Amino acid sequence: MSEVAHTLVTPLLEAVGDEGLVAIGAPLGQRTTYRVGGTASVLVTAFSAEAVRRVAQVLASTKVEVLVVGNGSNLLVRDGGFDGVVVHLAGGFEAVVIEGTTVIAGGSAQLPRVARQCVEAGLDGFTWAVGVPGTIGGAVVMNAGGHGASMHESLAGVEVVDLGSGETSVRSVADLELSYRHSNLGPTEIVLGARLELSAGSVEQGRAALSEIVAWRRAHQPGGQNAGSVFQNPAGTSAGTLIEAAGLKGHRLGTAMVSQKHANFIQADPGGRAEDVEALLELVRDEVARHSGITLSTELRIVGDPR
């Protein structure tokens, strides 16, 4: 652990009090859906907005590297771990409140659970999220989506704390500059919660739509240790199509393999190495560029140090 991170442990403990937890040398790779990679020097779990704001005040006075982690469903942690402070939301941030067609969801609320609650409340417009293994906060940051829909279509506003400056702000959809798998939220900004505006719908039709999406995902996408689609789809085609055309479907490198079911997924073996996942990602990008002339952009965020 770096000297800076070490000196922050006591003030972070004081900041969260009984509204959070602070752990040293906490497993971080195991918190991602790849389930490979190293530890975090310091992991802060906050249960309340006030705890987050106090943590932000501590972090804003330092130059320590800060990482915000939700489900880790779009994250690869290198085997050497992350030498900084990781902040994670839990507790009250998992809450979902529905009033009419307005949904207030905490930053760590799980997308599939929010989708199901919306359907049971007779709301339409968020069924796509049942197949996305992320959180509301993460979905806002990357404008997540699927099945022809994305966050920007239902998102009305968010509350954000900047862990780098300590500032709290409420932002509209326009403020976020959302585009395909992109927002203007920075790496030190953490989404405390979001407001969704949906439309009235049929519970029965909503349940049927949920079942159809879950069945489609099971039929077309692999399970196991992966982070979903690795690369963004270029205009006019799909990353999976380009990868398969380059002859890489099923290609293995050490403990990582391009999925046989969907070529835009990279699978990690149980007990595998993050370095193999990253090396295979680079190999796929290079081979696709050589074969098609198209350089793929990754949806995956890679952090930390090599072993």
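The model is predicted, so local features need pLDDT of at least 70 and side-chain atom pairs count only at pLDDT 80 or more, while totals for chains, interfaces and linings use all residues. Residues are numbered from 1 along each chain as its sequence is written, and side-chain values use heavy atoms, with hydrogens and water left out.

**Two helices**

- Helices here are DSSP runs (H or I, at least four residues), and so are strands (E, at least two), with numbering from the N terminus.
- The expected span is 1.5 Å times one less than the number of residues.
- The buried residues of α2 are A51, V52, V55, A56, V58 and L59. Buried means under 20% relative accessible area, exposed means over 50%, and partly exposed is in between (1.4 Å probe, protein chains only).
- Looking down the axis of α2, its buried residues fall within an arc of 160°, so they line one face of the helix. That arc is taken from the directions from the helix axis to the C-beta atoms.
- An α-helix has 3.6 residues a turn, so residues three or four places apart point the same way.
- Now for α6: its 18 residues should span 26 Å at 1.5 Å a residue, and the end C-alpha atoms are 26 Å apart, which agrees.
- In α6 the buried residues are V203, G206, L210, I213, V214 and R217. They cover an arc of only 95° around the axis, which puts them on the same side of α6.
- Turned away from that buried side, the other face of α6 carries the exposed residues E204, Q205, E212 and A219.

**The largest nonpolar core**

- A nonpolar core is a set of buried Ala, Val, Leu, Ile, Met, Phe, Trp, Tyr and Cys residues joined through side-chain atoms within 4.5 Å.
- The largest one has 34 residues, and V114, F126, I136, V140, M151, L155 and V158 touch the most other members.
- At least two residues each come from β7, α3 (111-120), α4 (136-141), β11, β13 and α6 (203-220). The top giver is α3, with 5 residues.
- In soluble globular proteins, nonpolar side chains tend to be buried together.

**The second largest pocket**

- Its lining is made of 19 residues, with I104, A105, E159, G193 and A194 nearest the centre.
- The elements giving two or more residues to this lining are β6 (96-99), β7 (102-106), β11 (155-162), β12 (168-172) and β13 (189-197).
- A pocket is an open set of points on a 1 Å grid over the protein atoms alone, where a 1.4 Å probe fits, with protein on both sides within 12 Å along at least five of seven lines; lining residues have an atom within 4 Å of a point.

**Single residues to look up**

- Most residues other than glycine have a negative phi.
- N143 has a positive phi of about 45° although it is not a glycine. You'll find N143 in the loop between α4 and β9 (145-146), where it is buried at a relative accessible area of 2%.
- H147 also isn't glycine, and its phi is positive, near 55°. This residue sits in the loop between β9 and β10 (149-150), and H147 is partly exposed at 39%.
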